[in-house]
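Colleague: Before we rely on the labels attached to this model, I would like to hear how each one was reached. Could you take me through them?

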Amino acid sequence: MKRFLKLKRIWILLLLPAALLSLFAASRSSEIAEHVFARGLFVGISWVMAHVTGLLPFSLMELGILVLPPLALFLLVFFTVRMIRRKEDRGFRLAKAFLNVGCIVSVVVFLLVMGCSINYYRYPVGTYLELTVQPATKEELYGLVVKLAKETSAAREQLACYEDERGVYSLSVSKKQLGKEAVAAFHELAGQYDIFGGYCPQPKHIYFSHVMSQTELTGIFCPFTMEANVNIDIPDYSIGSTMCHELAHLKGFIREDEANYISYLACQASKSTELRYSGLMEALILAGNALYAKDADLYYEARAYYSDGVSRDLRANSEYWAEFKDKPVSNTAQKINDAYLKANHQEDGVQSYGRMVDLLLAQYRKEVQE
C-alpha cells in the first residue's frame with residue numbers, strides 16, 4: 001500500500017470529484033456558474049489552452065481522433081503481453097494500470113466539465129443583450145422573415161460577381177482569410193458587448209471535412225484543446241457563420257441556439273460582406289423553417305422576397321446535404337449529438353438549433369418598438 005501511495009499522480013484522481021461537485025454547484029446556482037466558472041475558471045483555462053493549441057496550424061482534435069484509438073489499442077495489447085510474460089508484481093502493475101486509467105478519466109471529465117458542460121448553466125446571453133424572449137405571433141415571424149429576406153438578398157446582390165458556373169455563390173477569399181475575418185468580427189462585436197471580449201484564436205480547418213459531412217456536422221468545438229474546428233467542405237455561404245458559431249462556444253456560450261445567435265451578431269458586426277451574407281443566410285433559413293412550420297402559406301408569401309441568387313444558393317445547399325441525409329453514419333451521429341444535448345438540459349435536443357429564432361424575434365421586436 002505504501003508503494004502504491006508513492007505514485008504522486010494518485011492525487012489526479014481528485015479532479016473527478018472536484019469536477020462533479022463543481023457541476024452540481026453550477027446546476028443549483030446560475031450565479032456560481034456565471035461568475036465562478038464561465039467568467040472565472042473557464043476564461044483562464046481557455047486562454048492558456050487556446051494560446052498553446054493556436055500555435056499549431058492544424059487541428060489537434062482531428063489528429064487526436066486519428067492517433068489515440070490505435071495508440072490505446074497498442075498500449076492495451078502491450079500491457080496484456082507484459083502481464084502474461086512477467087509474473088512478478090502482477091498485482092502492483094495491475095493496480096498501477098487502473099490508477100493510470102483513472103487519472104486519464106479524471107482529467108478528461110475535468111476538462112469536459114470546466115471547458116463545456118458547466119457553461120450550460122450560465123446566464124442566458126439575452127441577459128447581456130437586454131433581449132426578452134417571449135412567444136411570438138405568426139405575423140411577427142412573417143415580418144422577421146421578410147426583413148431577413150430583404151437584407152440577405154441585398155447582401156447577395158453585392159456578391160453577384162462571385163459565382164461559379166451554376167450561378168451559386170463562391171468565396172472570393174481563401175478560407176484562411178475568412179477565418180481572420182471571423183476573428184476580426186468578434187473583436188468588432190466585443191466593442192459593442194464586453195462579454196464577447198478576450199482572446200480569439202483562428203478557427204481550425206478539418207482536413208477530412210468531406211468525411212465529417214457524412215455525420216452532418218458543420219463544426220465542432222473541442223473543450224479538450226480549446227479549438228473551433230470547422231468543416232470546410234460545406235457550401236461556401238455557410239462556412240463563415242460556422243466559424244463564428246464555433247468561436248462563440250470558445251467564448252463560453254455553449255448552448256447551440258445562443259451560439260447561432262452570437263454567430264449572427266458577429267457576422268453582422270463584420271466589415272466583410274461575405275461574412276455578413278453568411279450570417280444572414282443562416283438566420284433566414286432558421287427563421288424561414290420556423291415560419292413554414294407555423295404557416296406554410298405565409299412562408300411562400302415571404303419567399304417572394306428571396307432573390308434569385310439566394311434561391312440558387314439554397315438549392316445548392318439542399319443538393320449538397322442530400323448526399324449524406326438518412327445514412328447510417330449521419331443518423332448515428334445525430335442520435336449521439338441529440339442525446340448529448342439532452343443530457344446537458346437542452347430539452348429540445350438537436351431541435352435547439354432552431355430556438356435561435358426566439359432571440360432573432362426578440363431583437364426584431366425591440367427594433368420595431370424603437
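Colleague: Which residues of α4 and α5 meet, and what makes that a contact?

Modeller: Phe79, Arg82, Met83 and Ile84 in α4 meet Arg90, Arg93, Leu94 and Ala97 in α5, where contact means heavy atoms within 4.5 Å. The residues of this contact divide into 5 nonpolar, no polar and 3 charged, with Ala, Val, Leu, Ile, Met, Phe, Trp, Tyr, Cys and Pro counted as nonpolar, Asp, Glu, Lys and Arg as charged, and the others, Gly among them, as polar. This is a predicted model, in which local features need pLDDT of at least 70 and side-chain atom pairs count only at pLDDT 80 or more, whereas totals for chains, interfaces and linings use all residues. Residues are numbered from 1 along each chain as its sequence is written, and side-chain values use heavy atoms, with hydrogens and water left out.

Colleague: Why are α4 and α5 called roughly antiparallel?

Modeller: The axes of α4 (residues 60-85) and α5 (residues 90-115) come within 10 Å and cross at roughly 165°. Angles under 35 degrees count as roughly parallel, over 145 as roughly antiparallel, 65 to 115 as roughly perpendicular and the rest as oblique, and α4 and α5 are therefore roughly antiparallel to each other.

Colleague: What makes the pair of Trp321 and Phe324 edge-to-face?

Modeller: The search of the whole structure finds 12 aromatic pairs. In the pair of Trp321 and Phe324 the ring centres are 5.9 Å apart and the planes stand at 65°, so the pair is edge-to-face; rings of Phe, Tyr and Trp (its six-membered ring) pair if their centres lie within 6.5 Å, and planes under 30 degrees apart count as stacked, over 60 as edge-to-face and the rest as tilted. Separately, Tyr193, Phe196 and Phe253 form one aromatic cluster.

Colleague: How do you know whether Trp321 is buried or exposed?

Modeller: Trp321 has a relative accessible area of 16% and is therefore buried, since buried means under 20%, exposed over 50% and partly exposed in between (1.4 Å probe, protein chains only). Phe324, at 3% relative accessibility, counts as buried too.

Key
Axes are lines fitted to C-alpha atoms, for helices over the stretch in contact, and angles run from 0 to 180 degrees between N-to-C directions. Helices (H or I, at least four residues) and strands (E, at least two) are DSSP runs, numbered from the N terminus.
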